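This report reads a two-chain model from its overall confidence down to single residues. The sequence and the coordinates come first.

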Amino acid sequence: MQAAFAALSSIVSWFASMIDPICGPIGIFRLFAQDTLLACGDTGWGDEIAQGFMITVSLAICTLPIGLLLGFFIAVAKQSEEKSLRLAVNIYTTLFRGLPELLTLFIVYYGLQILAQQAMAAVGFEGPVEINAFVAGMIALSFVFSAYCSEVLLSAFKAIPQGQYEAGDALGLHRGKTMRLIILPQLVRIALPGLGNLWMALLKDTALVSIIGLSDILRQTGIAARVTKNAFEFFSIACLLFLILAMLSSLVFSALERWTKRSEAAR
Amino acid sequence: MSHAETMLPALPPPPEAQKRYTLSRLLGRALLGVWLAASVGIFLFAVDSWSPEKFAKYGPSFLSGLRVTLTLVAISVVLGGILSLPIAYGRMTKNKVLSWIAYGYVYFFRGTPLIAQLFLVYYGLGSFRPYLEAIGLWSLFKDAWFCALFTFTLNTAAYQAEILRGAIESVPRGQHEGASALGLPKRVAFFKIILPQAMIVALRPYGNEIILMIKGSAVVAIVTVFDLMGETRRAFSRTYDFQMYLWAAVLYLIMVEVLRNLWAWIETRLTRHLKR
């Protein structure tokens, strides 16, 4: 069993290294920058930066589903007839939309650390407790993303006419089914541009986790800049990588938008 | 023929319908309970680790940090507003070269994180020290505060240019046509007819941009500017008191909420004539 897992993970990591767009066999640094400071391997910083790139992307991708799901439920709660529920979720969104992302990150990171330390002390374990920076970043960014996401989804919900719910009732659909079959497809169509903007903001916010020690693009290029003293070049590369991510995601989002609108009549 | 001899006696009001205890109510109460417990917990924590000497020592530095944040944001928003005018013009002009330059500028500053831009200016421009010294700008660019101001100005100019462009383009075509039908020159039509309508559209995005700048300005703490976040980090690194972050959070929340409400008031005031 153990061996099977090891084999599987080595296959996965081999596959990931093969399609690595930066330092893989057909990566840009491997092809065009092999004799420079960006070389992949021990002579250059290419592989370190490629690693940071992967961490940035995976942090954003891991945060997205949590934030979306949380944001969806908050948006539903905001339309509830129950006053206390609305108040509770409004406090949440006011809080996380009002705090700077950096401060949220620090509060989650150090707060979790203190809580974990106290919890461990309560069961009798003394000593330093370290919280994984990736997890702390994921939690903090999910809070921020879900707060903004709920606003986008709420305005999309409001754009769907009441008649659509009534039609669902008339067809005898269960409430959950009405939501899944009638409301959600329209919701996605309306909310997609707003969600695209939020995804871009999320990609940019991931740069903040470099401050709590996660080795993402900015931290890796920062280390390279300090060691080689070529700060301008390396930070330019960091900016360039973020730009490439932004371009790729705008391509993906325009394709998604076309896909969700495939059933609409051509105008 | 029959008719009523007596009136019916007045009945007591029907009993108030018992509100059903729904799942959403339960959930709402539970979540409010969580918030209440959290605020009580934080309050107790604050009382527990409260010390007058810490307050006397770090209170003033928090206030000075607040001042730094506010001046930084105010100056960069105003300068960015001025810089955004030519960029917005470039985005809307028919000149291919100008519009590509403006597009590239806006794309760069909106597509990369503010913190990466700040690092690029603060650490990166150090590579050009001889040139900067030659033209006498080095004394400015070695100062972290000035680098932050410079970056923020460039950054907010890109965002404000897009706000301005969107607002001007949102004014319907008929307004241009109406102005030219009245024989108004292009310049007068722009300043007297298009711009006033565009500014009302742009009001809310401008408010959001200022709020985003206040929140975004927290990153200057990383390049050793002692704004509110910087003072908080310094106080935390000296005391290891988690309270410091909570105080900073309260101050940021107050700033953002005051600005948001102020902006909502300004907007209702300025759009009185549009109310029906």
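**Confidence**

The model is predicted, and the predictor gives the complex an ipTM of 0.86 together with a pTM of 0.87. For chain B the mean pLDDT is 90, with 99% of its residues reaching 70 or more.

**Fold of chain A**

Chain A contains 10 helices and 0 strands, and its pattern, read along the sequence, is α-α-α-α-α-α-α-α-α-α. Of the 267 residues in chain A, 35% are buried. When contacts in chain A are taken between residues at least 6 apart in sequence, 67% of them join residues at least 24 apart.

**Helix packing**

Two packed helices are described by the angle between their axes and the distance between the axes.

| Helix pair | Angle between axes | Axis distance |
|---|---|---|
| α4(A) (residues 83–98) and α6(A) (residues 133–158) | about 120° | 9 Å |
| α3(A) (residues 46–78) and α9(A) (residues 217–228) | about 160° | 7 Å |
| α2(B) (residues 52–92) and α9(B) (residues 186–216) | roughly 135° | within 10 Å |

How are α3(A) and α9(A) oriented to each other? With an angle of about 160° between their axes, which lies over the limit of 145 degrees, α3(A) is roughly antiparallel to α9(A). The crossing of these two helices, α3(A) and α9(A), is right-handed. On the α3(A) side the contact is made by Glu48(A), Ile49(A), Gln51(A), Gly52(A), Phe53(A) and Thr56(A), which meet Ile217(A), Arg219(A), Gln220(A), Thr221(A) and Ala224(A) in α9(A). By class, the residues of this contact of α3(A) with α9(A) are 4 nonpolar, 5 polar and 2 charged.

The helices α4(A) and α6(A), by contrast, are oblique to each other, and α4(A) passes α6(A) in a left-handed crossing. Here Tyr92(A), Thr93(A), Phe96(A) and Arg97(A) in α4(A) meet a set of residues in α6(A) made up of Phe143(A), Val144(A), Ala147(A), Tyr148(A), Ser150(A) and Glu151(A). The residues of the contact of α4(A) with α6(A) comprise 6 nonpolar, 2 polar and 2 charged.

In chain B, α2(B) and α9(B) are likewise oblique to each other, and their crossing is right-handed. Thr69(B), Val73(B), Ser76(B) and Val77(B) are the residues that α2(B) brings to this contact, where they meet Ile210(B), Met213(B) and Ile214(B) in α9(B). Sorted by class, the contact of α2(B) with α9(B) has 5 nonpolar residues, 2 polar residues and no charged residues.

**Contact between the chains**

The contact between the two chains takes 35 residues from chain A and 36 residues from chain B. On the side of chain B that touches chain A, the elements giving two or more residues are α1(B) (23–48), α3(B) (96–111), α4(B) (114–122) and α11(B) (243–270). Which of the elements gives the most to this side? It is α1(B), with 8 residues. The residues of the side of chain B that touches chain A divide into 23 nonpolar, 9 polar and 4 charged.

**Individual residues**

Is Ala191(A) buried or exposed? Ala191(A), placed in helix α8(A) (residues 175–205), has 23 other C-beta atoms within 10 Å and is therefore buried, the cut-off for that class being 20 or more. Leaving aside its neighbours within four places in sequence, Ala191(A) is in contact with Val152(A), Leu153(A) and Ala156(A). The C-alpha atoms of Ala191(A) and Val152(A) are separated by 6.4 Å, although the two residues are 39 residues apart along the chain.

Most residues other than glycine have a negative phi. In chain B, however, Thr224(B) has a positive phi, near 65°, and Tyr240(B) also has a positive value, near 55°. Thr224(B) is found in the loop between α9(B) and α10(B) (228–239), while Tyr240(B) is found in the loop between α10(B) and α11(B). Thr224(B) counts as exposed because it has 12 C-beta neighbours inside 10 Å, and Tyr240(B) is exposed with 10 other C-beta atoms within 10 Å.

Conventions. Residues are numbered from 1 along each chain as its sequence is written. Chains are lettered from A and ligands numbered from 1 in the order in which they are written. This is a predicted model: local features need pLDDT of at least 70, side-chain atom pairs count only at pLDDT 80 or more; totals for chains, interfaces and linings use all residues. Axes are lines fitted to C-alpha atoms, for helices over the stretch in contact, and angles run from 0 to 180 degrees between N-to-C directions. Helices (H or I, at least four residues) and strands (E, at least two) are DSSP runs, numbered from the N terminus. Angles under 35 degrees count as roughly parallel, over 145 as roughly antiparallel, 65 to 115 as roughly perpendicular and the rest as oblique. A crossing is left-handed if the near helix is turned anticlockwise from the far one by less than a right angle, and right-handed if clockwise. Two residues are in contact if their C-beta atoms, placed from the backbone, lie within 7 Å. Ala, Val, Leu, Ile, Met, Phe, Trp, Tyr, Cys and Pro count as nonpolar, Asp, Glu, Lys and Arg as charged, and the others, Gly among them, as polar. pLDDT is the predictor's confidence in each residue, from 0 to 100.
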